[in-house]
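Welcome! Take a moment to look over the sequence and the model, and then we can walk through some of the rings and their neighbours together.

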Amino acid sequence: QVQLVESGGGLVQAGGSLRLSCAASGRTISRYAMGWFRQAPGKEREFVAAISWSGGSTDYADSVKGRFTISRNNAKLTVYLQMNSLKPEDTAVYYCAVDTAGWGTRRQSYGYDYWGQGTQVTVSS
């Protein structure tokens with residue numbers, strides 16, 4: 001049993017920064033890869049970033065590479081997404097999730113079985 005709660009979203013102007021947090025409860029997540037996805041109105045959920053269980057490997061969508069950084073603190077059972085140089089096209093609901101299928105499917109939503117409720121990020125121009 002895994003429960004995830006995202007926080008840190010809000011309204012920010014283009015070029016600004018936000019840091020999202022995903023706090024876990026229940027079963028530990030220290031041995032699972034974690035991912036961030038986002039969904040904008042009228043669009044399908046898309047991959048943003050993923051991090052291996054140890055934090056030694058990361059992966060990013062091309063659209064956010066160089067601007068976003070994913071990290072984790074296993075002692076706190078928390079995953080973070082540092083978002084810099086935000087653009088209006090980053091506006092979406094952001095979800096964290098537990099990868100239960102393995103690192104090879106980290107970019108695919110079907111590889112994640114546990115999801116948070118999401119946090120809204122709105123970037124104005």
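Arg-31 lies over the face of Trp-53 in this predicted model, at 4.2 Å from the ring centre.

| Charged residue | Ring | Distance to ring centre |
|---|---|---|
| Arg-31 | Trp-53 | 4.2 Å |

How many aromatic pairs does the structure hold? There are 4 aromatic pairs. In one of them, the ring centres of Phe-37 and Phe-47 are 5.7 Å apart and the planes stand at 75 degrees, so this pair is edge-to-face; the cut-off for that label is over 60 degrees. The pair joins distant parts of the chain, with Phe-37 in strand β4 (residues 34-39) and Phe-47 in strand β5 (residues 46-51), 10 residues apart.

Are Phe-37 and Phe-47 buried or exposed? Both are buried.

Finally, let us visit a loop. Gln-108 is found between β9 (92-99) and β10 (112-115). Its relative accessible area is 31%, so Gln-108 counts as partly exposed, a label for values between 20% and 50%. Gln-108 and Leu-20 are 88 residues apart along the chain, and their C-alpha atoms are separated by 21 Å.

Note on methods:
Residues are numbered from 1 along each chain as its sequence is written. This is a predicted model: local features need pLDDT of at least 70, side-chain atom pairs count only at pLDDT 80 or more; totals for chains, interfaces and linings use all residues. Side-chain values use heavy atoms; hydrogens and water are left out. Rings of Phe, Tyr and Trp (its six-membered ring) pair if their centres lie within 6.5 Å; planes under 30 degrees apart count as stacked, over 60 as edge-to-face and the rest as tilted. Helices (H or I, at least four residues) and strands (E, at least two) are DSSP runs, numbered from the N terminus. Buried means under 20% relative accessible area, exposed over 50%, partly exposed in between (1.4 Å probe, protein chains only). A charge sits over a ring if NZ of Lys or CZ of Arg is within 6 Å of the ring centre and within 35 degrees of the ring normal.
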